[in-house]
Amino acid sequence: MKSIAAVYRNYGKPTEVVQAEEIEVPALKEGQILVKFLRAAINPSDLGMIGGSYGTLKELPAIAGREGVGEVVEVASEATIKVGERVRLSAELGTWQQYQVLDSAKAMVVPSDIDINTESMAFINPPTALCVLEEFEKLNAGDWIIQNGAGSALGYFMIQICASRGIKTVNMLRNAEAKRAELEKIGANIVVDEKDFDAKKIKEITGGKLLLGLNQIGGESVSNMIKAMGNSATIATIGAMVSDAVRFPTRFLIFNDLRLRGFWWDKYQRTHSKEEVASIFDKIFAMIKNGTLQAPVDSTFKLENVNNALKRASENSRMGKVMLDF
């Protein structure tokens, strides 16, 4: 049996090294299931892994893709999952392929009655947003957080989760006017362009109660963010979209007792129990089902056209995630 897969044999520019190829699907063994690809999103971490710059890399040649969902279409004897159930695709095997063979005992069954676009991107950004929100500071309704890169999918999810809890958000991004109405519609309180960011003004508006910051940009952006934080606040870094060195304003670290932390969802999953990780996903799926979380989708491409999808994913003009289906 043959399967279409997005394969890369060298690290490099995704549009140049990734090719849609036919590969052989292994025969099912006892306890295994055959899963057909349904939907996946293209994430910055996918591009970093293909480019060779991510924290963990796959052995080459590799199949791209770190998250997505599929449907079980065949089961072997002793399998614990049924045909028709929806499961999380394996990041280890690479999610951008038409079929995957998984051990049913290790596969994660996911709800089949929720929006598939949002569910297909539920495994990286939403748990990152939720953990940053819950692991570093104890926030209550009326408290404030600040984030840069707010126009990203992670930014959208953070705004939606905070709005559902009555937590207010300051959202920093480039070209803010292009997304202001969209972000305010999903619950953003303050949307500010990076070039117009005034730390003193933000501190006045928030009453010095900015307790938590989410940094996924780095450089001058996070330096400005630090100046707006309240006393004993925490800034959690989850990414560095620019390569500029971060110049930390020392006086704010000393006199405001700021805490600069890091968070990596991949590491969290490795260092916490299955029960703790499952509890986070239960919360995520519940928020998708009740409409709290809705995915920003820019466009959808067939898996066979993965190069066109990767090209669109690299364009700044996109509004939301680029999706793959089959």
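Rings of Phe, Tyr and Trp (for Trp, the six-membered ring) are taken to pair if their centres lie within 6.5 Å; planes under 30 degrees apart count as stacked, over 60 as edge-to-face and the rest as tilted. By this criterion, a search of the whole structure finds 9 aromatic pairs. The structure is a predicted model, in which local features need pLDDT of at least 70 and side-chain atom pairs count only at pLDDT 80 or more, while totals for chains, interfaces and linings use all residues. Residues are numbered from 1 along each chain as its sequence is written, and side-chain values use heavy atoms, with hydrogens and water left out.

**View 1. Aromatic pairs around Tyr268.** The ring centres of Phe263 and Tyr268 are 5.9 Å apart and their planes stand at 50 degrees, so this pair is tilted. Trp265 and Tyr268 have ring centres 5.4 Å apart and planes at 20 degrees, so this pair is stacked. Both Trp265 and Tyr268 belong to helix H10 (residues 265–271), where they are 3 residues apart, about one turn of the helix. Helices (H or I, at least four residues) and strands (E, at least two) are DSSP runs, numbered from the N terminus. Phe263 and Tyr268 are both buried, as is Trp265; buried means under 20% relative accessible area, exposed over 50% and partly exposed in between, with a 1.4 Å probe and protein chains only.

**View 2. The aromatic cluster and a charge over a ring.** One aromatic cluster is formed by Phe123, Phe136, Phe263, Trp265, Tyr268, Phe281 and Phe285. The charged end of Arg270 sits over the ring of Trp264, 5.2 Å from its centre; the criterion is NZ of Lys or CZ of Arg within 6 Å of the ring centre and within 35 degrees of the ring normal.

View 3. Strand S9 (residues 144–148) pairs with strand S10 (residues 168–173) in the parallel sense over 5 bridges, and Trp144 stands opposite Lys168 in S10. Axes are lines fitted to C-alpha atoms, for helices over the stretch in contact, and angles run from 0 to 180 degrees between N-to-C directions; contact means heavy atoms within 4.5 Å.

**View 4. Strand S1 and its partners.** Of the 7 residues of strand S1 (residues 2–8), 6 are buried, so the strand is largely enclosed by the rest of the structure. S1 runs antiparallel to strand S2 (residues 18–24), joined by 7 bridges, with Lys2 opposite Glu24 in S2. Another 2 bridges join S1 to strand S4 (residues 62–63), also antiparallel, where Tyr8 has Ala62 as its bridge partner.

**View 5. Helix H2 and its cover.** Ser45, Asp46, Gly48, Met49 and Ile50 are the buried residues of helix H2 (residues 44–51). Their cover includes S1, helix H1 (14–17), S2 and strand S3 (32–41). Just after H2, Gly52 takes a positive phi of about 90 degrees.

Key
Two strands pair if DSSP finds at least two bridges between them.
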